[in-house]
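The sequence and the model come next.

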Amino acid sequence: MQAETLMLYKLIVLYILDKVDFPLTNGQLTNFILEKEYTNYFNIQQAISELIDDDYISSETIRNSSLYQINESGKETLSFFSQNISQAIRDDIDAYLKEHKYSLRNEVSTLADYFENKKDEYIARLRVMEGDSAIIELKLSVPTEREANLICNNWRSKSSDIYAYVISSLIAD
């Protein structure tokens, strides 16, 4: 692959991440790029990997899902080279984000992962994020990995009910 072509893929990733105020998953980034047939899966993974290595984007892994955000150096680079992205591609990205921004944000705002703390103890860490701030964050200790996994799997569908219950219980007289 030519360096110029790889640079375009990197700029597309930076442009997308710059347009949202929340992290995006690897799947969210690649789905858009593959859907528009800008490149193949392997090229976009190479671009993402190099952006991480060059510290233009940061990555956080939660339950087998990588979340990406643009760093200041990525924003600076984008400001110098954004004109290398055609207006048609920028229009595609802007339209896609306008149409899907709510669902994209919803997918990544409810986070759940778990880890083994010690023998026969797992910690399920559950969060609902708004931007960089946690609206609610819970850490639950359970005896089995199965229970920790179930808690994490159920968090997305039940987090708003749990949040409402906690708030109403704590502010009740």
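How are α2 and α3 oriented to each other, roughly antiparallel or oblique? α2 and α3 are oblique to each other, as their axes cross at roughly 130° and come within 10 Å. Angles under 35 degrees count as roughly parallel, over 145 as roughly antiparallel, 65 to 115 as roughly perpendicular and the rest as oblique.

## Model and conventions

This is a predicted model, in which local features need pLDDT of at least 70 and side-chain atom pairs count only at pLDDT 80 or more, while totals for chains, interfaces and linings use all residues. Residues are numbered from 1 along each chain as its sequence is written, and side-chain values use heavy atoms, with hydrogens and water left out.

## Overall make-up

The protein chain has six helices and six strands. Helices (H or I, at least four residues) and strands (E, at least two) are DSSP runs, numbered from the N terminus. Along the sequence their pattern is α-β-α-α-β-β-α-α-β-β-β-α.

The C-alpha trace of the protein chain spans about 60 × 40 × 30 Å along its principal axes. Of the 173 residues in the protein chain, 38% are buried. Buried means under 20% relative accessible area, exposed over 50%, and partly exposed in between (1.4 Å probe, protein chains only). Taking contacts in the protein chain between residues at least 6 apart in sequence, 54% join residues at least 24 apart; contact means heavy atoms within 4.5 Å.

Two packed helices are described by the angle between their axes and the distance between the axes. Here axes are lines fitted to C-alpha atoms, for helices over the stretch in contact, and angles run from 0 to 180 degrees between N-to-C directions.

The crossing of α2 and α3 is right-handed. A crossing is right-handed if the near helix is turned clockwise from the far one by less than a right angle, and left-handed if anticlockwise. On the α2 side the residues are Asn26, Leu29, Thr30, Ile33 and Leu34, and they meet Tyr41, Ile44, Gln45 and Ile48 in α3. This contact of α2 with α3 comprises six nonpolar, three polar and no charged residues. Ala, Val, Leu, Ile, Met, Phe, Trp, Tyr, Cys and Pro count as nonpolar, Asp, Glu, Lys and Arg as charged, and the others, Gly among them, as polar.

## Helix α2 against α5

Helix α2 (residues 26–35) also packs with helix α5 (residues 87–109): the axes come within 11 Å and cross at roughly 150°. The two helices, α2 and α5, are therefore roughly antiparallel to each other, and the crossing is right-handed. Gln28, Phe32 and Glu35 of α2 make the contact with Asp92, Ile93, Tyr96, Leu104, Glu107 and Val108 of α5. By class, the contact of α2 with α5 has five nonpolar, one polar and three charged residues.

The buried residues of α2 are Asn26, Gln28, Leu29, Thr30, Phe32 and Ile33. Their cover includes α1 (3–19), β1 (24–25), α3 (41–53), β3 (65–70) and α5.

## Aromatic pairs

Rings of Phe, Tyr and Trp (its six-membered ring) pair if their centres lie within 6.5 Å; planes under 30 degrees apart count as stacked, over 60 as edge-to-face and the rest as tilted. The count by this rule is four aromatic pairs. One of them is Phe32 with Tyr96, a tilted pair at 4.7 Å centre to centre with 45° between the planes. Phe32 lies in helix α2 and Tyr96 in helix α5, so the pair ties together parts that are 64 residues apart in sequence. Both Phe32 and Tyr96 are buried.

Tyr41 and Phe42 form an edge-to-face pair, 5.7 Å centre to centre and with 85° between the planes. Tyr41 is partly exposed at a relative accessible area of 39%, whereas Phe42 is exposed at 65%. Phe32, Tyr38 and Tyr96 form one aromatic cluster.

## Positive phi angles

Most residues other than glycine have a negative phi. Just after α2, Glu37 takes a positive phi of about 60°. Asp55, in the loop between α3 and β2 (57–62), has a positive phi near 60° and is partly exposed, with a relative accessible area of 48%.

Asp120 has a positive phi of about 60° although it is not a glycine. Asp120 lies in the loop between β4 (110–118) and β5 (121–130) and counts as exposed at 53% relative accessibility.
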